[in-house]
Amino acid sequence: MSIGSCLRRAIVAGACVLTTASLAAAQESHSESVEQFYKGKQVQIVVGSSPGGGYDTYARLLARHLGDHIPGNPAVVVQNMSGAGSNRAAGYIYSVAPKDGTVAGAIFPGAILQPLLGGTPVQHEPAKFLYLGNANSDVYVCFVRADAPVKDFKDALSTELIVGASGDGATTRDFPVMLNNLLGAKFKLVMGYPGSREITLAMERGEVQGVCGIGWTGIEILYPEWFAKGTIKPLVQLSIKGHRDLHSRKVPTTLEFARNDDERSVMELIYSQGVFGRPFVLPPGVPADRVAALRKAFMATFADPRLLAEAKKMNFDVEPMSGEDMQALVTKLYATPANVVEKAKQALTAKPQR
Amino acid sequence: MEAFTAEAAFMATMASKAFFALMEPHRLMFLGLGCIMGLVLGIVPGIGGLTGTAMLLPFTFAMDPYSAFALLLGLGATTATGDPIPAILFGVPGGAASAATVLDGFPMAKRGEAGRALSAAYMSSLMGGIFGAMLLAVSIPILRPVMLYLGSPELLAFSILGISMVAVLSGSAPLRGVAAACLGVMIAMIGSDPQTGTLRWTMDSLYLWDGLRLTPLLLGIFALPELCDLLIGRTTISKSIDKASIYKGQWQGVKDCMENWWLIVRCSWIGGGIGSIPGISASVIDWLAYGHALKTEKGARETFGKGDVRGVIASESSNNAKEGGALVPTIAFGVPGSATMAILLGAFLIHGLVPGPDMLHKNLDITYTMVWSVALANILGAGLCYAFSPQFARLATLRYTLILPAVMGVVYIGAFEANRSWGDLVALLAFGVVGWLMKQNKWPRPPLVLGLVLGDSIERYMFISVERYGFSWLWRPVVAALLILALIGLLRPLLQDIRRQGGLAKMAASFQAPTFKLSQLFTLFFISVIGTMVIAALPWHFSAKLVPLVVGTVALTAAGLSLFNEVFRKPETSPSGLSEQAQQEIGRAIHMDLTSDTDHLPMRVVATRAARFFGYLIAFMGSMAVIGLIPTAGLFVVIFMRLEGQERWTLTLTYAAVLAISIYLVFDRFMSIPWPPTLLGQLIPALKFIPSV
């Protein structure tokens, strides 16, 4: 026998052994229990932002306690994969990450809504994700300086208000543009601020008169002087249900200004990203028993008194939504009639400003 | 007056209360712990304090605020102290703000003065850090009014003033400097445009959506060319030095800092001042301070870039002062001045502290704890560095076959850590080639970095200013003053250059029939790259293409003129007498960058060895795709050391194992980097137990 054929045989034999081994491994994974599977394993939560942001902090909060509630008590670690408004992480979870339940993702709500409304192609299909759950929801608000000519939202429909905004795809840009297009509001956008904190600083120094589309959670703690001195006040709520604190302050929601059902459904569609503020996802294809166990663990973790104590210390709102509910919500979003989606897309397209 | 005295007394009380609180042994211990971690993270190129701070954050939940900030700021303030170590020893900047240190620190190491350069770097870091903290301490009462005064037009003017440093940093090649700076600005524009959302030059890749990260670029532009030249030269970085001369050098470095204390004060105020402006990246602080020193220091124009200790001092004193500066907007407004500060902001909320007026009054003691922590961390950090310095200094005397594998492996991971994506490595490699060609062909690299970092904020704040104020913002006093300063900075070197060459008429007369050289190919390549980018930009939305087109046109003009010069300009007449020669030496501006010391080798050897170097890099990436990064690092060490240097097997294998295991511990275990999937891992999932497969 020549050396060549000998080598060939060896390779074939080796390949056979490996194939059998991996088949065996695959078989085994179906028969073992969830607890057996997770015992001694490591579960990764891939966060679609850089360390230190709100998404990262929520994910690390979850990661510190989630392991205690998953059968088999795996170690849970956080990995950061920022980029492209967390679409990169979403794409990684969707197609690259192992589908055995050892990897979950924490992505921006935009990465769930954008494929429906945005024009840029992405590598994932949000409706096919298996949703682990959602950590909190938020109500977006327009704020205005007390010395601005616009005193309430009705004024904003007739008087120009200079609002600061970040780039494309940010709520501070999308929401005022939508209100201009849909309700004929007169927001004049000054775009290009790096983030919401830079916009609020510009508002404090009078460079812009207001901002539309920043979350209500934590505002009262972060900017106590706005409310103590009344220098800056909430103008309108950009949310489907609104927040009780804001209702008690008699701040209206924009939905009250909708003139027909179309306008209402477009707003509801666009505001839906406030409902799932911090979504956690699993790749499609994770075995059902593990998905069920992880979803249960998710809810149990967010009811864990130790987590709640930490969250309270950090002033973080915890308002978990179960994976099943989240799944139903996304399915419903993606079943939105095409004409409403089209109208929403148009509403988000900026018209040239005078 | 009385109010002022009362205020000063209150500040002094709070400052001393904070100082004694920080002196508690357990708090000092946390500070020291933070310092050690900061130094370690700082030495590894590409990894700043960001990841470290994020990881430490949860551990501070249970601490009191004094201890928490001591730990976090200890780490944050000392990463910049560790940065100059690889910059000086290997020419590999340890962090974004240490790139300017390479320019003079690395030539010093080559001369055998690594000990002196390191010592000057630590000492100026220490003094810079303290001066920066002092600036912060005394400016606390005026922080908020000043910050509220600085609007987008002022930020724009600051960025323009910064970019006008290109004139100084281009040295003897102003046209190439301008062209390189423009290329930098255009690279900064890659990604989603903030105005219209147009995806500029992203070539349909998600990686480019957010634009290129600074770390892989800096490592590519500054680190890889040095490593490549090390392989081409096949020598040690520095000749052997004995222990006594290291200690002597260390003492000399300290003396250098004492003699240049006024330079340190100025540079640290530049660092602290710019670090405190939110929205302007602190990554160019080193270049701004370096440019300032170059402009103002006596004789700097002849010696900077050739191993002048003042270059090291300027760069290092400024970048350590910036952490103190970055605290300002974080404390006063909750706008983080740097990424590390964003995490610190998280720590604020956990401890029930709200950034804003309260921090400057009710919680002033905590603010002062931070000031003290930064100052003390700098002292501790420099002290630790001194303790290990002799060992570090001798690293530069090792054979290239021993230095290169580890440094290259770490550069790779440092670049990869930026985005944790293949794109980082492709960017590293591409900019490595560009950087090496620039260095070989004497194109100054600092302007490219300046353009890259400031380009984004110039575009951003120009749109905001125009959109908001029309053109009336030009008349705001601070804006006008800064713009005039920038104009003077740009024009003066130009006029000086023309005068030196005997006026425009004489310059025009110095043309001749065309001569062609190989190096002109690089200029042609440059022009074609910019040209392609400009053409690709034509169909974009008006506000998305405005800046790219303007900058592109300037780049094309500058590069075109430079090419014209190269082809048609007579070489400068050779001097006839000694005095004339000396005259010319003084008159000529220096080449503002490191020069290759491979000139003695024939072109062919340089080219084949460079190809070999970049071949190693490509092979590294290929192997990483197949078997993963950690096994590749080990394999690379073995192949490199056996092929290049025929090192002993025992040494080679130990080296490979130690490198692979340390990468595993730091990056896989501690930082848990998501490794990209490998071919082997996909084919045979059973092998996934091997880290990074």
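In this predicted model, chain A contains an open sheet of six strands. The strand order is β2-β1-β3-β10-β4-β11, and the pairing is mixed. Strands β2 (75–80) and β11 (321–322) of chain A form the edges. Each of these edge strands pairs on one side only. Within the sheet, β3 (residues 103–106) and β10 (residues 279–282) of chain A run antiparallel. Two bridges join them. At this pairing, A:Ala106 stands opposite A:Phe280 of β10(A).

Helix α13 (residues 288–301) of chain A touches β4 (130–134), β10 and β11 of chain A. Its direction makes about 10° with that of β4(A). Helix α3 (residues 54–69) of chain A lies across β1 (42–47), β2 and β3 of chain A. Helix α3 of chain A runs at about 165° to β2(A).

A further open sheet in chain A has five strands. The order here is β7-β6-β8-β5-β9, again with mixed pairing. From one strand to the next, the twist averages 35°. Strands β6 (residues 161–165) and β8 (residues 210–215) of chain A run parallel and are joined by two bridges. In this pair, A:Gly164 stands opposite A:Val211 of β8(A). Helix α8 (residues 196–204) of chain A packs on the five-stranded sheet. The helix touches β5 (140–145), β6, β8 and β9 of chain A. Its direction makes about 145° with that of β8(A).

Among the paired residues, A:Cys142 has A:Val236 in β9(A) as its bridge partner. Six of the seven residues of β9(A) are buried, so the strand is largely enclosed by the rest of the structure.

Chain A as a whole has 16 helices and eleven strands. Of its 354 residues, 51% count as buried. Contacts across the sequence were also examined. Among chain A contacts between residues at least 6 apart in sequence, 78% join residues at least 24 apart.

Chain A also touches chain B. The contact takes 45 residues from chain A and 46 residues from chain B. On the chain A side, 18 of the contacting residues are nonpolar, 14 are polar and 13 are charged.

In chain B, helices α25 (residues 520–537) and α26 (residues 542–568) form a pair whose axes come within 9 Å. The axes cross at roughly 160°. Because this angle is over 145 degrees, α25(B) is roughly antiparallel to α26(B). The crossing of α25(B) and α26(B) is left-handed. From α25(B), the contacting residues include B:Leu524, B:Phe526, B:Ile527, B:Ile530 and B:Val534. From α26(B), they include B:Leu549, B:Leu556, B:Ala559, B:Leu563 and B:Val567. B:Gly531 in α25(B) also takes part, as do B:Gly552 and B:Gly560 in α26(B). By class, the residues of this helix contact divide into 14 nonpolar, six polar and two charged.

Two individual residues of chain B were examined. B:Met359 is placed in the loop between α18 (339–350) and α19 (364–395) of chain B. B:Met359 counts as buried because 24 C-beta neighbours lie inside 10 Å. Leaving aside residues up to four places away in sequence, B:Met359 touches B:Ile331, B:Ala332, B:Leu353 and B:Thr367. B:Ala332 is 27 residues from B:Met359 in sequence. The C-alpha atoms of B:Met359 and B:Ala332 are 6.9 Å apart.

B:Lys439 lies in helix α21 (residues 422–440) of chain B. B:Lys439 also counts as buried, because it has 23 C-beta neighbours inside 10 Å. Again leaving aside residues up to four places away in sequence, B:Lys439 touches B:Pro225, B:Arg445, B:Asp593, B:Leu594 and B:Ser596. B:Arg648 is 209 residues from B:Lys439 in sequence. From C-alpha to C-alpha, B:Lys439 and B:Arg648 are 34 Å apart.

Methods:
Residues numbered from 1 in each chain as written. Chains lettered and ligands numbered in written order. Predicted model: local features only at pLDDT ≥ 70, side-chain atom pairs only at ≥ 80, totals over all residues. Contact = placed C-beta atoms within 7 Å. Nonpolar A, V, L, I, M, F, W, Y, C, P; charged D, E, K, R; others polar. Pairing = 2+ DSSP bridges. Helix = DSSP H or I, 4+ residues; strand = E, 2+ residues; numbered from the N terminus. Axes fitted to C-alpha atoms, helices over the stretch in contact; angles between N-to-C directions. Parallel < 35°, antiparallel > 145°, perpendicular 65-115°, else oblique. Left-handed = near helix turned anticlockwise from the far one by under 90°. Buried ≥ 20, exposed ≤ 12 C-beta atoms within 10 Å, placed from the backbone.
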